[in-house]
Amino acid sequence: VISQDMYVISDYIKYDIKKREANISGNIKFYRDGSLFLRAQKAFVRFDDDYSMIEPFYMQDSKSGIWISASSAKNESDEYEFRDIVVSGCDIDSPIWHIEGSSGYYNQDSAIASIWNPRIYIKNIPVMYLPYIFISTQNKRTTGFLYPELASSSLDGFVYIQPFFLALQDFWDMTFSPQFRTSRGIGINTQARLIDPFGEMFVLNAGIFWNNNKYKRKYNIENQIVFGFDFSHQRRNLLSDFIDFDSDGLYLNFNYMNDLDYIRLQSTKDTTIENRLQTSKANYFATKNDNYFGLYFKYFLDLSKLNNSDTFQTLPQFQYHKSLEQTDIKNIMYSVDVSTKNVARSVGFGYFDSGISVPIYFFTPLIADYFTIGANINLNANIISLNNVDKAMSSQNRNSSYFGATYGIFISSDVARQYDKI
């Protein structure tokens, strides 16, 4: 039986030409666009009304792998109505998870399955009941609930996180993840993702969690309300259209939190945090010919302290680098590195650090270029000036400078070459 883009293969087909109706039975397979669409044992199809009845019913989306099984299904136009429905994306014989419902609907155009009285199972164990849910059966950004996260621990009790995905337009989306920890409290995490007009992504995460009074008293925690946020963004060729750079770029990665539990409370996984020093960065670079320019900002958040006011911050640092270049004198090459940074803090002294490094290389080939002998010298100069220091300290003690030079000699051989004879 062929109908537009669908055809059916079965053991038995009885077709009424006048009424344009078909009774189909025995190993029924419906194919759409060359792919297996659904299976059944008994079906009735009315072609003029675009109507069909199928018993039992099995349908699988070939792209996502999501399948729907039901004791019976009624199809009219592009919508299916089910009885005794089962949905899963795992192996049909032994699914890791599946959802059972009393009834449901499936719309082929939107690829949305709606289920009434769903029971969510992990293996054969029921873990949740809801009066109604709907899920998407295609690999496409669609607004709706994502799979929940479930866990249990001695500290937090039973943990339930239910993400909700919001995708109203193609260039942005958001995820809201309310969470409930029976022995600890409640909170919510959010993530927003945005694609700018140049195709680069901006990501913002934020979260807040309230620890209940019993938990606060039992563990004597510092912060009853835990909150934080972080965002990241990078962009190539930010100013190249306005300034004659070969290339340039911007990198942003900033995070702030009042407690390390902000990181731990983002999922049900047991997260081990070894570094209590969180670093935020804002970097910009530009290149022109053999020259590199960089401007860096670093903010350090030391969560091992009650107050971050005496933590050193790099605001800002400037770097210049000139790539290795041949001088007017044969076989002598050099490069230049310049760095200047201002290190400051709200409480206590800071300092201004400037330095320059000039490596110089001399080399000459020997014995028909089979060997090279050379020498190098690296000239370094540095000045450090303290600021925000005690007035009693003399200006001489506030400044220091040094000059240094290192040198070396080398001999090398490179046998990788074209040979006329072997």
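**Figure 1. In which strand is A43 found?** A43 sits in strand β5 (residues 35-46). Strands (E, at least two residues) and helices (H or I, at least four) are DSSP runs, numbered from the N terminus. This is a predicted model, with pLDDT of at least 70 needed for local features and 80 or more for side-chain atom pairs, while totals for chains, interfaces and linings use all residues. Residues are numbered from 1 along each chain as its sequence is written, and side-chain values use heavy atoms, leaving out hydrogens and water. Is A43 buried or exposed? A43 is buried, at a relative accessible area of 4%. Here buried means under 20% relative accessible area, exposed means over 50%, and partly exposed lies in between (1.4 Å probe, protein chains only). Setting aside neighbours within four places in sequence, A43 contacts A22, N23, I24, I28, F30, M53 and I54. A contact requires heavy atoms within 4.5 Å. E55 is twelve residues from A43 in sequence, and their C-alpha atoms are 6.1 Å apart.

**Figure 2. The protein chain as a whole.** Its secondary structure comes to three helices and 29 strands. The radius of gyration is 34 Å, well over the 22 Å that the globule rule gives for 422 residues, so the chain is more spread out than a compact globule. That radius is taken over C-alpha atoms, and the globule rule is 2.2 Å times the number of residues to the power 0.38. Along the principal axes, the C-alpha atoms fill a box of roughly 105 × 80 × 45 Å. Of the 422 residues, 33% count as buried. Among contacts with a separation of 6 or more, 39% join residues 24 or more positions apart.

Figure 3. Two strands pair if DSSP finds at least two bridges between them. Strand β19 (residues 185-195) pairs with β20 in the antiparallel sense over eleven bridges. Which residue of β20 is the bridge partner of G187? It is F209. The hairpin of β19 and β20 has five residues between its strands, and there G199 takes a positive phi near 85°. On to the next pair: β20 and strand β21 (residues 225-236) run antiparallel and are joined by nine bridges. F202 stands opposite H233 in β21. V203 stands opposite S232, also in β21. How many bridges pair β21 with strand β22 (residues 247-257)? Nine, again in the antiparallel sense. In β22, M257 stands opposite G228.

Figure 4. Rolling a probe the size of a water molecule over the atoms shows where empty space is left. A cavity is a set of points, on a 1 Å grid over the protein atoms alone, where a 1.4 Å probe fits but cannot get out. Lining residues have an atom within 4 Å of a point. Grid points are joined across faces, edges and corners, and a volume is the space filled by probe spheres set on the points. The count comes to one cavity of 30 Å³ or more. The largest cavity has a volume of about 30 Å³. Which residues line the largest cavity? They are N189, G207, I208, F209, V226, Y262 and L265. Strand β20 (residues 201-211) supplies the largest share of this lining, three residues. By class, the lining holds five nonpolar residues, two polar and no charged. Nonpolar covers Ala, Val, Leu, Ile, Met, Phe, Trp, Tyr, Cys and Pro; charged covers Asp, Glu, Lys and Arg; the others, Gly among them, are polar.

**Figure 5. S177 and its contacts.** S177 lies in strand β18 (residues 172-181). At 12% relative accessibility, S177 counts as buried. Not counting residues up to four places away in sequence, S177 touches I161, Q162, P163, G187, I188 and N189.

Figure 6. Most residues other than glycine have a negative phi, and most peptide bonds are trans. N117 has a positive phi, near 50°. The loop between β10 (112-116) and β11 (119-122) holds N117. N117 is partly exposed, with a relative accessible area of 30%. N331 also has a positive phi, near 70°. N331 lies in the loop between β25 and β26 (332-344). Is N331 buried or exposed? N331 counts as buried, at 16% relative accessibility. A cis peptide bond joins L315 and P316, with omega about -10°. P316 belongs to strand β25 (residues 313-326).

Terms used. On a 1 Å grid over the protein atoms alone, a cavity is a set of points where a 1.4 Å probe fits but cannot get out, and a pocket is an open set with protein on both sides within 12 Å along at least five of seven lines; lining residues have an atom within 4 Å of a point.
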